[in-house]
Amino acid sequence: MIKVKNLSTSFNDKMVHDNISLEINKGEIYGILGGSGSGKTTLLRQIIMLDKIQKGEITILEQNINKLKIKQREFIKRNWGVLFQFGALFSSLNVVENVGIMLKEYTKLPKDLINDIAYTKLKMVGLDLKVGKLYPEELSGGMKKRVALARALALDPQILFLDEPTSGLDPASAKAFDDLILDLREMLDLTVVIITHELNTIRNVLDRFSIISNTKIAFSGTYEEALNLNNDTINKFLKLSKDKTLGK
Ligand SMILES: Nc1ncnc2c1ncn2[C@@H]1O[C@H](COP(=O)(O)OP(=O)(O)OP(=O)(O)O)[C@@H](O)[C@H]1O
């Protein structure tokens, strides 16, 4: 579904990615992990065509994005939804209007149909329909994330990109959001790419992940494979020493 091949990125002579490669399969929930400033968000922005690829290739949905013309780019972008880390909702729009904004922009559907679809998406992310008329400032952190997720789902994407979706949520809300991602993948046949630091998400939600460390991919594989490697950098990253359930 997504192939990153020999990607190198630098900003002002500072190398962020040095010849990194990874592959994400259809239907996977794939994690991009790494310390702060390791280049996770930059990689995500390059995959979704918001940032330029400096060197290397990215293929998504069988299209080499280096070679796409502007019109083709706009067309292919409709196949994914994105939830940015600080992806704020529009404060002047109510929840239903926020969810419907992409439909308004990208389709010619009449307003009442857009509203119907927006309400369906709200239901999909586990929100009560009464929430539709509320404004962002009236919502809890967990509800805001769900509304942003409903917005990302508005155009029925094949791929969902989530940048630290549970950061700032309390443990119960974070767990509920993780469960929702698992349910949505099943229901909608989605491929999901998540940037995360959360150990619970890494263990319970991701099928596979890559760890970016010192400009390289330090590891790609499953959580079990990462444990079995018993590599110091990987263990440190996965905070195994703090993980009492593993008896360490
Ligand atoms: N447009 C840009 N111009 C200059 N430097 C940039 C630009 N975009 C990113 N960087 C730098 O690239 C590095 C990687 O940033 P990025 O946001 O991708 O890291 P990250 O792994 O997502 O970090 P975090 O977990 O803190 O969000 C950082 O040092 C950042 O300052």
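A residue counts as buried here if 20 or more other C-beta atoms lie within 10 Å of its own, and the legends below apply this cut-off to a predicted model.

**View 1. Strand β8 and the burial of its residues.** Strand β8, which covers residues 191-195, is mostly covered, since five of its five residues are buried. In a regular strand the side chains alternate between the two faces of the sheet. In β8, Thr 191, Val 193 and Ile 195 point one way, whereas Val 192 and Ile 194 point the other way, and all are buried.

**View 2. The strands that pair with β8.** Strand β3, made of residues 29-34, pairs with β8 in the parallel sense over four bridges, and within this pairing Ile 29 has Val 192 as its bridge partner in β8. Strand β7, made of residues 159-163, is joined to β8 by five bridges, and these two strands likewise run parallel. Here Leu 160 is the residue that stands opposite Val 192 in β8. Together with helix α6, which spans residues 171-188, the strands β7 and β8 make a right-handed β-α-β unit.

**View 3. The hairpin of β1 and β2.** Strand β1 (residues 2-11) and strand β2 (residues 14-24) run antiparallel and are joined by seven bridges, and His 17 in β2 is the bridge partner of Thr 9. The two strands form a hairpin with two residues between them, and in the turn Asn 12 has a positive phi of about 45 degrees. Asp 13, whose place is in the loop between β1 and β2, also has a positive phi, of about 70 degrees, although it is not a glycine. Asp 13 counts as exposed because it has 5 C-beta neighbours inside 10 Å.

**View 4. The shell around the ligand.** The residues around the ligand are Phe 11, Val 16, Gly 34, Ser 36, Gly 37, Ser 38, Gly 39, Lys 40, Thr 41 and Thr 42. By class, the residues of this shell divide into two nonpolar, seven polar and one charged. Helix α1, which covers residues 40-47, gives the most to the shell, with three residues.

**View 5. Helix α1 and its buried face.** The buried residues in α1 are Lys 40, Leu 43, Leu 44, Gln 46 and Ile 47. Seen down the axis of α1, these buried residues fall within an arc of 160 degrees, so they line one face of the helix. An α-helix has 3.6 residues a turn, so residues three or four places apart point the same way. Just after α1, Met 49 takes a positive phi of about 70 degrees.

View 6. Asp 156 is found in the loop between α5, which covers residues 141-152, and β7. Most residues other than glycine have a negative phi. In Asp 156, by contrast, phi is near 50 degrees, a positive value in a residue other than glycine. Asp 156 is exposed, with 12 other C-beta atoms within 10 Å.

Note on methods. Residues are numbered from 1 along each chain as its sequence is written. This is a predicted model: local features need pLDDT of at least 70, side-chain atom pairs count only at pLDDT 80 or more; totals for chains, interfaces and linings use all residues. Two strands pair if DSSP finds at least two bridges between them. A residue is near a molecule or strand if its C-beta atom, placed from the backbone, lies within 6 Å of it. Ala, Val, Leu, Ile, Met, Phe, Trp, Tyr, Cys and Pro count as nonpolar, Asp, Glu, Lys and Arg as charged, and the others, Gly among them, as polar. A crossover is right-handed if, with the strands pointing away from the viewer, the path from the first strand over the helix to the second runs clockwise. The arc is that of the directions from the helix axis to the C-beta atoms.
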